[in-house]
Amino acid sequence: MSNVNLNISELDQSLLVKLDQYIASLEDPNNSLINVLHKAQQIFGYIPHNLQLYISRKVGVSAARVNGVVSFYSYFTEKKTGKNVVSVCMGTACYVKGAGDILKELLKQLNVEKNDVSEDTLFTVKDVRCIGACGLAPVVTVGEKVYGHVTKDMVKDIINTYKERG
Ligand code: FES
């Protein structure tokens, strides 16, 4: 983080104004880091390093702490994502029921690397820690939608559902 320049001009200024308005509405921005990051993720879709630095200065929290929080929670992402974020749970219950194969199949069918954006910009595939639905293992989520007992054969249908929506 330390050698990253604060290139505010690279950020969308109209989105930055929205974030500024939100921060200005807070009584105690210094103690509202998580809320500010949630808002930033919602407004920008991701929280790149220059935005993290901007937030750190704006709310008076160290850049290292901001980066620590962003890195810890899988909800936050530092890279631009596809329209649909497909998350494969790699917690123990899901892993032993074949989550690794599901992940490989998704990456293969979408022809994309983990955490990258597919060529049609529709998908990003991530692996995540246990999401607390172990009874449904293996579990895949697409946005808010949860798919349980996922098999390799189901992968194509899941992908097609979101391709059709465009
Ligand atoms: S291990 Fe996947 S939901 Fe718990």
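## Lys152

Lys152 has 14 C-beta neighbours inside 10 Å, so it counts as partly exposed. The cut-offs explain the label: buried would need 20 or more, and exposed 12 or fewer. This is a predicted model.

Lys152 is found in helix 7, which covers residues 152–165. Setting aside neighbours within four places in sequence, Lys152 is in contact with Asp101, Ile102 and Glu105. Leu103 is 49 residues from Lys152 in sequence. In space, the C-alpha atoms of Leu103 and Lys152 are 9.0 Å apart.

Four strands form an open sheet, and their order is 2-1-3-4. The pairing is mixed. Strand 2 (123–128) and strand 4 (145–147) are the edge strands, each pairing on one side only. On average, neighbouring strands are turned by 20° against each other, direction ignored.

Strand 1 (residues 84–89) pairs with strand 3 (residues 140–142) in the antiparallel sense. Three bridges join strand 1 and strand 3. Val88 stands opposite Val140 in strand 3.

Helix 6 (residues 99–110) packs on this sheet. Helix 6 touches strand 1, strand 2 and strand 3. The direction of helix 6 makes about 155° with that of strand 1.

## Helix 1

Helix 1 (residues 13–25) has 13 residues. At 1.5 Å a residue, helix 1 should span 18 Å. The end C-alpha atoms of helix 1 are 18 Å apart, which agrees.

How many of the 13 residues of helix 1 are buried? The number is one, so helix 1 lies largely in the open.

Conventions: Residues numbered from 1 in each chain as written. Predicted model: local features only at pLDDT ≥ 70, side-chain atom pairs only at ≥ 80, totals over all residues. Pairing = 2+ DSSP bridges. Helix = DSSP H or I, 4+ residues; strand = E, 2+ residues; numbered from the N terminus. Axes fitted to C-alpha atoms, helices over the stretch in contact; angles between N-to-C directions. Contact = placed C-beta atoms within 7 Å. Expected span 1.5 Å × (residues − 1).
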